[in-house]
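Here is a friendly briefing to read alongside the model. Please have the sequence and the 3D view open as you go.

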Amino acid sequence: MKELTIGQAAKKSGVKVSTIRYYERIGFIPAPPRKLSAYQLFSKGYRLFSPEIIQRIDFIKHAQQFGFALREIKQLLDLIDGKKGTCRDVYKSVALKITEIEEKITSLRKLRKSLKGLIKTCPRKGILAGCSVIKTLSKENRI
């Protein structure tokens with residue numbers, strides 16, 4: 001695959017141009033070198049992105065789909081770049097993410113139980129001022 005302009009790279013990777021610029025700004029992808037055409041002697045030129053950048057953006061997107069936050073993705077990218085770590089470090093990152101997800105599931109189940117209890121109190125008729133759900137949500141004591 002040949003080098004791509006930022007617009008082409010955005011289209012190929014399925015992200016916005018602003019996302020690519022953001023990834024550059026936060027150090028997720030390197031800024032590509034600028035190229036000058038014969039007609040651009042007085043401008044800054046245009047940038048061409050390598051196919052590897054598309055693969056890196058795909059990695060970032062997939063990691064986000066698996067629930068990794070940007071700071072966690074940065075740690076994974078550092079491992080990929082050989083700055084530090086091993087496959088065991090990646091394993092630990094994924095295991096930690098699983099634990100976080102399990103904690104969220106537990107929290108969401110508790111929330112669902114509370115909401116089910118709340119909705120049982122709703123008379124589903126009458127004026128809003130008499131609504132038990134509104135009264136409960138307005139109280140200072142929380143679940």
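The notes below cover the overall fold, the salt bridges, a charged patch and one backbone angle.

This is a predicted model, in which local features need pLDDT of at least 70, side-chain atom pairs count only at pLDDT 80 or more, and totals for chains, interfaces and linings use all residues. Residues are numbered from 1 along each chain as its sequence is written, and side-chain values use heavy atoms, with hydrogens and water left out.

**Overall fold**

- The chain has six helices and two strands; helices (H or I, at least four residues) and strands (E, at least two) are DSSP runs, numbered from the N terminus.
- Along the sequence, these elements come in the order α-α-β-β-α-α-α-α.
- Of the 143 residues in the chain, 25% are buried; here buried means under 20% relative accessible area, exposed means over 50%, and partly exposed lies in between (1.4 Å probe, protein chains only).
- Among the chain's contacts (heavy atoms within 4.5 Å) with a separation of 6 or more, 45% are between residues 24 or more positions apart.
- The accessible surface of the chain is about 11,000 Å², and carbon and sulfur atoms contribute 59% of that area. Accessible areas come from the Shrake-Rupley method with a 1.4 Å probe, and for residues only the protein chains shown count as cover.

**Salt bridges**

- The structure contains seven salt bridges, each defined as a side-chain nitrogen of Lys or Arg within 4 Å of a carboxyl oxygen of Asp or Glu.
- One of them joins the side chains of E24 and R47, at 2.7 Å from N to O. This pair links distant parts of the chain, with E24 in helix α2 (residues 17-25) and R47 in strand β2 (residues 46-47), 23 residues apart.
- Both partners count as buried: E24 has 15% relative accessibility, and R47 has 16%.
- Another salt bridge pairs E72 with R71, at 3.9 Å from N to O. Here E72 is buried, at a relative accessible area of 9%, whereas R71 is exposed, at 56%.
- D89 and K92 also form a salt bridge, at 4.0 Å from N to O. They are separated by about one helical turn because they sit three residues apart in helix α5.
- D89 is partly exposed at 26% relative accessibility, and K92 is partly exposed with a relative accessible area of 48%.
- Salt bridges with shared partners also connect R71, E72, K97 and E100 in one network.

**Positive patch**

- R109, R112, K116 and K120 form a patch of positive charge on the surface.
- Patches are made of residues with over 30% relative accessible area and no salt bridge, with like charges joined within 9 Å. Lys and Arg count as positive and Asp and Glu as negative, while His and the chain ends are not counted. The place of a charge is taken as NZ of Lys, CZ of Arg, CG of Asp or CD of Glu.

**A positive phi**

- What is the phi of R124 near? The value is near 60°, which is positive in a residue other than glycine.
- Most residues other than glycine have a negative phi.
- R124 lies in the loop between α5 and α6 (132-138), and R124 is exposed, with a relative accessible area of 73%.

How values were computed:
Patch = residues over 30% accessible without salt bridge, like charges linked within 9 Å, V, L, I, M, F, W, Y side chains within 5 Å.
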